[in-house]
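The following exercises are to be worked through with the sequence and the structure at hand. Each task is followed by its solution in steps.

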Amino acid sequence: MDKVFIEALEIETVIGIYDWERKIRQPLVFDIEMGFDNRVPAASDAIADTLDYKAVSKRLIAFVSASEFGLVETLAERCAELILAEFPVAKLRLKLGKPGAVRGAKAVGVIIERSR
């Protein structure tokens, strides 16, 4: 299966379980690989036949920016559900990183894989 990817998409949101985290917006970083058959758009050279990664990105930015989940696990699951429900993706791998959450680590987070 071919993959369409979005790498290092940074989105600010309210995320976390501590009181101080509920009062600020924090950056999250998303890496997304989406299973999609690229043969049709490759043959037609038409944007209408592609998996529009700009549309996926804009939808994710709108959703994540408005969310206020406690756990990155919950947010990752909801993002995967949204992509699978709204776009012609057969399967996906989503990495959600929370930079600065642990001293000494570039980021912490989760990686999930889901399919239809």
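A pocket is an open set of points on a 1 Å grid over the protein atoms alone, where a 1.4 Å probe fits, with protein on both sides within 12 Å along at least five of seven lines; its lining residues have an atom within 4 Å of a point. The model is predicted, so local features need pLDDT of at least 70 and side-chain atom pairs count only at pLDDT 80 or more, while totals for chains, interfaces and linings use all residues. Residues are numbered from 1 along each chain as its sequence is written, and side-chain values use heavy atoms, with hydrogens and water left out.

**Exercise 1.** Describe the second largest pocket by volume, lining and residue class.

*Solution.* Step 1: this pocket holds about 150 Å³ of space, a volume being the space filled by probe spheres set on grid points joined across faces, edges and corners. Step 2: 13 residues line the second largest pocket, and Gly-16, Gly-70, Leu-71, Val-72 and Lys-98 lie nearest its centre. Step 3: helix H3 (72–86) and E4 are the elements that give two or more residues to this lining; helices (H or I, at least four residues) and strands (E, at least two) are DSSP runs, numbered from the N terminus. Step 4: the lining comprises seven nonpolar, three polar and three charged residues. Here Ala, Val, Leu, Ile, Met, Phe, Trp, Tyr, Cys and Pro count as nonpolar, Asp, Glu, Lys and Arg as charged, and the others, Gly among them, as polar.

**Exercise 2.** Which element gives the most to the lining of the largest pocket?

*Solution.* Step 1: the largest pocket contains about 220 Å³ of space. Step 2: its lining has 13 residues, with Val-29, Lys-95, Gly-97, Lys-106 and Ala-107 closest to the centre. Step 3: two or more lining residues come from each of E2, strand E3 (91–99) and strand E4 (107–115). Step 4: E4 gives the most, namely five residues.

**Exercise 3.** With which residue does Glu-21 meet in a salt bridge, and are the two buried or exposed?

*Solution.* Step 1: a salt bridge requires a side-chain nitrogen of Lys or Arg within 4 Å of a carboxyl oxygen of Asp or Glu. Step 2: the side chain of Glu-21 meets that of Lys-98, at 2.7 Å from N to O. Step 3: the partners are 77 residues apart, Glu-21 in the loop between E1 and E2 and Lys-98 in strand E3. Step 4: both Glu-21 and Lys-98 are buried (under 20% relative accessible area; exposed is over 50%, partly exposed in between, with a 1.4 Å probe and protein chains only).
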